[in-house]
Amino acid sequence: MTTAQDKVTVPGLAAMKAAGRRIVCLTAYDAAFARVLAAAGVDVVLVGDSLGMVLLGFETTIPVTLEHMVHHAAAVSRAAGRMLRVVDMPFLAHADVATAVAAARRLMQEGGAEMVKLEGGSELVPIVEHLAALGVPVCGHLGLQPQSVHRIGGYRVQARDPEAGAKLLADARALEAAGAGLLVLECVPRRLAAEVTAALHIPVIGIGAGPDVDGQVLVLHDLLGITPPPHPRFVRDFLRGRGSVQDAVVAYVEAVRGGTYPAEGEWYA
Ligand code: KIV
């Protein structure tokens with residue numbers, strides 16, 4: 001049974017950062033897997049729009065709709081236990097303030113979201129400010145932003161040159177100042193992720209961002225080795241050599257908490 005003390009909250013994540021305790025995050029898209037994650041001790045469950053590619057067979061996350069997100073978020077919420085429930089805003093659901101407010105209302109009221117995640121940088125400041133002022137917890141998402149795949153021309157490491165790195169750091173500071181309570185950093189060089197993490201008071205969760213962040217997130221089906229290759233270098237198959245999905249997720253939780261994931265070769269220089 002989840003008690004009030006166990007429940008992972010946004011202030012609780014900030015306290016984990018302050019105490020140097022690593023945050024464990026993983027995606028889930030349905031109640032069955034959410035239950036496995038909760039039993040394994042995962043802190044944050046992300047209902048990512050990656051569900052479009054992982055579950056629904058789309059080539060990108062762009063076709064994912066608000067209906068899809070509400071449907072899957074509600075299923076996860078029913079079984080999430082103590083985990084903080086973070087749900088992605090799908091493509092263009094935060095194109096302007098009014099659209100973002102309407103989408104956040106549905107994700108929270110119907111989907112059970114406790115925080116919404118938005119891809120984008122300082123151009124989102126008015127939207128993040130507005131949502132935060134209305135009491136909607138917001139998670140930023142910088143680095144590789146899969147909803148921008150057609151603009152950037154593929155899924156690759158971001159912000160490798162100093163100008164792009166400086167812009168990403170400025171975007172991160174702007175999102176924090178606007179009221180974001182958490183930041184996901186995807187596919188950026190290790191040293192940049194370390195710099196951003198040290199510069200922010202809010203926790204930074206990395207995916208392909210190296211070990212010097214406040215926590216890690218992976219796509220569940222990558223961790224289970226059931227997404228088709230090629231895989232980016234930060235993907236580790238935790239099911240290999242283990243007898244069950246539950247054991248694989250527990251191994252991931254222990255590896256993140258113990259600092260053995262990611263290891264050398266699982267990040268970008
Ligand atoms: O949609 C998703 O699963 C994500 C993670 C890759 C961070 O945004």
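**Note on a predicted model: core, cavity and backbone**

1. Start with one histidine. His 94 touches Met 89, Ala 100, Leu 118, Glu 119, Leu 124, Ile 127 and Gln 147, leaving aside residues up to four places away in sequence. Contact here means heavy atoms within 4.5 Å. His 94 sits in the loop between β3 (84-88) and α5 (97-109). Helices (H or I, at least four residues) and strands (E, at least two) are DSSP runs, numbered from the N terminus. His 94 is buried, at a relative accessible area of 7%. Buried means under 20% relative accessible area, exposed over 50%, and partly exposed in between (1.4 Å probe, protein chains only).

2. A word on the basis. This is a predicted model, where local features need pLDDT of at least 70, side-chain atom pairs count only at pLDDT 80 or more, and totals for chains, interfaces and linings use all residues. Residues are numbered from 1 along each chain as its sequence is written, and side-chain values use heavy atoms, with hydrogens and water left out.

3. Now the core. The largest nonpolar core has 93 residues. Such a core is a set of buried Ala, Val, Leu, Ile, Met, Phe, Trp, Tyr and Cys residues joined through side-chain atoms within 4.5 Å. Met 89, Leu 131, Leu 183, Leu 185, Val 196, Leu 223 and Val 249 have the most contacts inside it. Helix α11 (residues 245-258) gives the most to this core, with seven residues. In soluble globular proteins, nonpolar side chains tend to be buried together.

4. Which residues does Leu 185 touch, not counting residues up to four places away in sequence? They are Leu 142, Leu 168, Ala 193, Val 196, Val 204, Ile 205, Gly 206, Ile 207 and Ala 209.

5. Next, the cavity. The count comes to one cavity of 30 Å³ or more. A cavity is a set of points, on a 1 Å grid over the protein atoms alone, where a 1.4 Å probe fits but cannot get out; lining residues have an atom within 4 Å of a point. The largest cavity holds about 50 Å³ of space. Grid points are joined across faces, edges and corners, and the volume is the space filled by probe spheres set on the points. Its lining includes Cys 25, Lys 117 and Cys 139. β2 (44-47) and β6 each supply at least two lining residues. The lining divides into eight nonpolar residues, no polar and one charged. Ala, Val, Leu, Ile, Met, Phe, Trp, Tyr, Cys and Pro count as nonpolar, Asp, Glu, Lys and Arg as charged, and the others, Gly among them, as polar.

6. What about disulfides? The count is zero. A disulfide is a pair of cysteine sulfur atoms within 2.5 Å. For Cys 25, the nearest cysteine sulfur, that of Cys 139, is 8.0 Å away. Cys 25 is buried, at 6% relative accessible area. The sulfur of Cys 187 is 15 Å from the closest cysteine sulfur, in Cys 25, so it is too far for a bond.

7. Check two backbone angles. Cys 187 has a positive phi of about 50°, although it is not a glycine. Cys 187 lies in the loop between β6 (182-186) and α9 (190-199), and is buried at 5% relative accessibility. Ala 159, also not a glycine, has a positive phi of about 55°. Ala 159 is in the loop between α7 (149-152) and α8 (162-178), and is buried at 13%.

8. Finally, cis peptide bonds. One joins Pro 229 and Pro 230, with omega about 0°. Pro 230 is in the loop between α10 (220-223) and α11. The bond from Tyr 261 to Pro 262 is cis too, with omega near -5°. Pro 262 lies in the segment after α11.

Conventions. On a 1 Å grid over the protein atoms alone, a cavity is a set of points where a 1.4 Å probe fits but cannot get out, and a pocket is an open set with protein on both sides within 12 Å along at least five of seven lines; lining residues have an atom within 4 Å of a point.
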